[in-house]
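Trainee: I would like a close look at one helix pair. Please take it step by step.

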Amino acid sequence: MYSPEKASTCCFTGHRVITGEAKITVFNRLCDTVRELYLKGITTFVSGGALGFDTLAAFAVLHLKREFSGMKLVLALPCRDQDSRWSRADRETYRKILDAADEVICLNESYCTGCMHQRNRLMVNLSSVCVAYCTKASGGTAYTVNLAKSEGLRVLNLAASPHNQK
């Protein structure tokens, strides 16, 4: 299995539903944050490949790879069939990201209980920084943010004001 250098790796976690103009704002903040992290030595970025924030994060990294050739996108997938119930358009977008990724880690052949948490724990274990979009105190994103904090990762929540970030 791929094992990037923890000190130079960042993972992403965020909500699946980001609507309207918020998508543009979040994408722009992602690009700014990824660029800033890269310039500070973070070269590998790990996305869970899910809809919403994970997709925006992957596209931000792919967009910036044109500017920074040393940047890498790793997808950490909970299961090979995670897109089986997605719309055709979402599956096509997902396939583009899969094809463009530098590395794909797939933890399970098919969906099973706990596979999403397994993926989230892997991403945290690989990383020293976690970029999040977390607006709620419960759910998978909050779980991953809390796990990242408990493991000593620097957490940057793009949904929070800049002065509230660890």
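What is the mean pLDDT of the protein chain, and what share of its residues reach 70 or more? After that, please walk me through how α2 and α3 pack.

Mentor: Confidence comes first. This is a predicted model. The mean pLDDT of the protein chain is 92. Of its residues, 94% reach 70 or more. Among the elements, strand β2 (residues 44-47) has the highest mean pLDDT, at 98. Helix α1 has the lowest, at 94.

Now the pair. Two packed helices are described by the angle between their axes and by the distance between those axes. Here, helix α2 spans residues 53-65 and helix α3 spans residues 88-100. They pack at an angle of about 45°. Their axes are 11 Å apart. Angles from 65 to 115 degrees would count as roughly perpendicular, and those under 35 as roughly parallel. The helices α2 and α3 are therefore oblique to each other. The crossing of α2 past α3 is left-handed.

Next, the residues that make the contact. From α2 come T55, A58, F59, L62 and K65. From α3 come T93, I97 and A100. Sorted by class, the contact has five nonpolar residues, two polar ones and one charged one.

N28 sits in helix α1, which covers residues 20-39. The relative accessibility of N28 is 42%, so N28 counts as partly exposed.

Technical notes: Residues are numbered from 1 along each chain as its sequence is written. This is a predicted model: local features need pLDDT of at least 70, side-chain atom pairs count only at pLDDT 80 or more; totals for chains, interfaces and linings use all residues. Side-chain values use heavy atoms; hydrogens and water are left out. Axes are lines fitted to C-alpha atoms, for helices over the stretch in contact, and angles run from 0 to 180 degrees between N-to-C directions. Helices (H or I, at least four residues) and strands (E, at least two) are DSSP runs, numbered from the N terminus. Angles under 35 degrees count as roughly parallel, over 145 as roughly antiparallel, 65 to 115 as roughly perpendicular and the rest as oblique. A crossing is left-handed if the near helix is turned anticlockwise from the far one by less than a right angle, and right-handed if clockwise. Contact means heavy atoms within 4.5 Å. Ala, Val, Leu, Ile, Met, Phe, Trp, Tyr, Cys and Pro count as nonpolar, Asp, Glu, Lys and Arg as charged, and the others, Gly among them, as polar. Buried means under 20% relative accessible area, exposed over 50%, partly exposed in between (1.4 Å probe, protein chains only). pLDDT is the predictor's confidence in each residue, from 0 to 100.
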